[in-house]
Amino acid sequence: MKFLSVQSSVAYGHVGNSAAVFPLQRLGHEVWPVFTVVFSNHTGYGSWRGPLLPPDDVRDIVTGIEERGALGKVDAVLSGYLGGEGIVDVVVDAVQRVKAANPAATYTCDPVMGNARSGCFVPDAIPPLIRERVIPHADIISPNQFELGFLTRTEPDTLESTLASVDLAREMGPRTVLVTSVERPDRPEGTIEMLAVDDAGAWLVQTPYLPFKANGSGDVTSALFTAHYRTTGSAAQALAATASSVFDLLTTTYSSGERELQLVESQEYYAHPRMQFEVQQVR
């Protein structure tokens, strides 16, 4: 498959395209990365250097790819953190151009806004833009439970309320929803879950919870799920493979004591997922 991935880039570490591209390539897919920023490192360090690219420059890159006659070859578009209104417009325009050239192409939006522990960490203008202008164009979205709640104006916590929130999200346009961190109060201690829902049903996978912050893990998760889902057509299989690969990536990173994802060191886990976690159909 061929991916057009419109995301940030960092020289040091792994977030945005610097997290998503290599795992997809290791799976054997072609990826055309379009950068929205070119930073020295991710902003979680508190300081960084490098430019936030003007939206028109980002649009020009997509136009250049289009001029090569290549947009019709794109199977899936990916986007992650969207830093401003201009970039939102560029991403939506890119999706529309790709789908005009290849109606079978899909768009996966990771609606990066915040999490349950940190709250919302993007500018106030961004979440409404994502909800109103981006989500309706998406085929697949990969919010965490906090972001799912914002998108649907709900407060999901139990499995039942999370499924209800997913249904509301699916009414907004996307038919497939991956909830990347489900923290329901009745789950076993020391675990965390992911939930995938599409027209065929809903599936839940439970993994051990690792007590550290792994910047970029959501970008890897969204990319891998899209690849497996588009390849197999099965949300259950995609969920199982993604959970396996991401857990092993996080375990490798946690064991290393390093702050940045051990992305290259974990490459065999993308190519050959161990499939060590049972996926349970919940609807």
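**Close-up views of a predicted model**

**View 1. A patch of negative charge on the surface includes Asp60.** Asp56, Asp57, Asp60 and Glu67 gather in this patch. Patches consist of residues with over 30% relative accessible area and no salt bridge, like charges being joined within 9 Å and nonpolar side chains (Val, Leu, Ile, Met, Phe, Trp, Tyr) within 5 Å. Asp and Glu count as negative, Lys and Arg as positive, while His and the chain ends are not counted. A charge is placed at CG of Asp, CD of Glu, NZ of Lys or CZ of Arg. Areas come from the Shrake-Rupley method with a 1.4 Å probe, and for residues only the protein chains shown count as cover. Asp60 lies in helix α2 (residues 55-67) and is partly exposed at 49% relative accessibility; buried means under 20% relative accessible area, exposed over 50%, and partly exposed in between (1.4 Å probe, protein chains only). Helices (H or I, at least four residues) and strands (E, at least two) are DSSP runs, numbered from the N terminus.

The model is predicted: local features need pLDDT of at least 70 and side-chain atom pairs count only at pLDDT 80 or more, whereas totals for chains, interfaces and linings use all residues. Residues are numbered from 1 along each chain as its sequence is written, and side-chain values use heavy atoms, with hydrogens and water left out.

**View 2. Nine strands form an open sheet with mixed pairing.** The strand order is β2-β1-β3-β4-β7-β8-β9-β10-β11. The edge strands β2 (30-39) and β11 (279-281) each have a single partner strand, so one side of each has no neighbour in the sheet. Two strands pair if DSSP finds at least two bridges between them. Strands β4 (residues 106-109) and β7 (residues 140-141) run parallel and are joined by two bridges. Thr108 has Ile140 in β7 as its bridge partner.

**View 3. A salt bridge joins the side chains of Asp89 and Arg133.** The N to O distance is 2.1 Å; a salt bridge is a side-chain nitrogen of Lys or Arg within 4 Å of a carboxyl oxygen of Asp or Glu. The pair links distant parts of the chain, with Asp89 in helix α3 (residues 85-101) and Arg133 in helix α4 (residues 126-134), 44 residues apart. Asp89 is partly exposed at 31% relative accessibility, and Arg133 is partly exposed at 30%.

**View 4. Arg274 and Asp248 meet through their side chains in a salt bridge.** The N to O distance is 2.7 Å. Asp248 is buried, at 4% relative accessibility.
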